[in-house]
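Hi,

Here is the structure I said I would pass on. Have a look at it first, and then read on for what turned up.

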Amino acid sequence: TSVEQKEKSKGNEENAKWAKEYCTTIESELQDICDKILALLDTSLIKGSADDESKVFFLKMKADYHRYIAEFRNGSEKDAAAENARKAYQDAADVAEKG
């Protein structure tokens, strides 16, 4: 993180360690929240959409949450989240074009 790097550049290794630990905690909480929302979208909201407009809205929301995950993950996890976001945005576009 930028805070961790800033503290390291100042020679504050202890503060850098705390920043890294805090970032790890926050990322874990964000992942948990995003996973819960994505599960709700997949199991209820998208499938239960009454019309195409609602389905497009929920598919775009799904894509947004995958994009949020991609913002704080690295490597293959980032790539997978970005691809999931792309697919959900494409699914939303397909439903919108059809409707």
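Contact here means heavy atoms within 4.5 Å. On that basis, and leaving out residues up to four places away in sequence, Glu 7 touches Asn 12, Asn 15 and Ala 16. Bear in mind that this is a predicted model.

Glu 7 belongs to helix H1 (residues 2-9). Despite being buried, Glu 7 has no salt bridge, and the nearest side chain of opposite charge is Lys 10, 4.0 Å away.

Now the charged pairs. How many salt bridges does the structure hold? There are nine. One of them joins Glu 83 and Arg 86, with the closest N and O atoms 2.7 Å apart. Both residues lie in helix H4, three residues apart, or about one turn of the helix. Glu 83 is partly exposed at 38% relative accessible area, and Arg 86 also counts as partly exposed, at 45%.

Another salt bridge links Arg 67 to Glu 71, where the closest N and O atoms are 3.4 Å apart. These two sit four residues apart in helix H3, again about one turn. Arg 67 is partly exposed at 34% relative accessibility, while Glu 71 is exposed at 56%. Asp 64 joins Arg 67 and Glu 71 in a network of salt bridges.

Then there is Arg 73 with Glu 77, a salt bridge at 3.9 Å, N to O. Arg 73 has 19% relative accessibility, so it counts as buried, whereas Glu 77 is partly exposed at 48%.

On to the rings. The count comes to two aromatic pairs. Phe 57 and Phe 58 make an edge-to-face pair, 5.4 Å centre to centre with 70 degrees between the planes. Phe 57 is partly exposed at 48% relative accessibility, but Phe 58 is buried at 17%. Why is the pair Tyr 65 and Tyr 68 edge-to-face? Their ring centres are 5.0 Å apart and their planes stand at 75 degrees, and edge-to-face applies because the angle is over 60 degrees. Tyr 65 and Tyr 68 are three residues apart in helix H3 (residues 52-72), about one helical turn. Tyr 68 is partly exposed, with a relative accessible area of 33%.

A ring also features with a charge: Lys 17 lies over the face of Trp 18, 5.6 Å from the ring centre.

Last one: Lys 98, in helix H4 (residues 75-98), is exposed at 66% relative accessible area. The C-alpha atoms of Lys 98 and Asp 52 are 8.7 Å apart, although 46 residues separate them along the chain.

Cheers

Methods. Residues are numbered from 1 along each chain as its sequence is written. This is a predicted model: local features need pLDDT of at least 70, side-chain atom pairs count only at pLDDT 80 or more; totals for chains, interfaces and linings use all residues. Side-chain values use heavy atoms; hydrogens and water are left out. Rings of Phe, Tyr and Trp (its six-membered ring) pair if their centres lie within 6.5 Å; planes under 30 degrees apart count as stacked, over 60 as edge-to-face and the rest as tilted. Buried means under 20% relative accessible area, exposed over 50%, partly exposed in between (1.4 Å probe, protein chains only). A charge sits over a ring if NZ of Lys or CZ of Arg is within 6 Å of the ring centre and within 35 degrees of the ring normal. Lys and Arg count as positive and Asp and Glu as negative; His and the chain ends are not counted.
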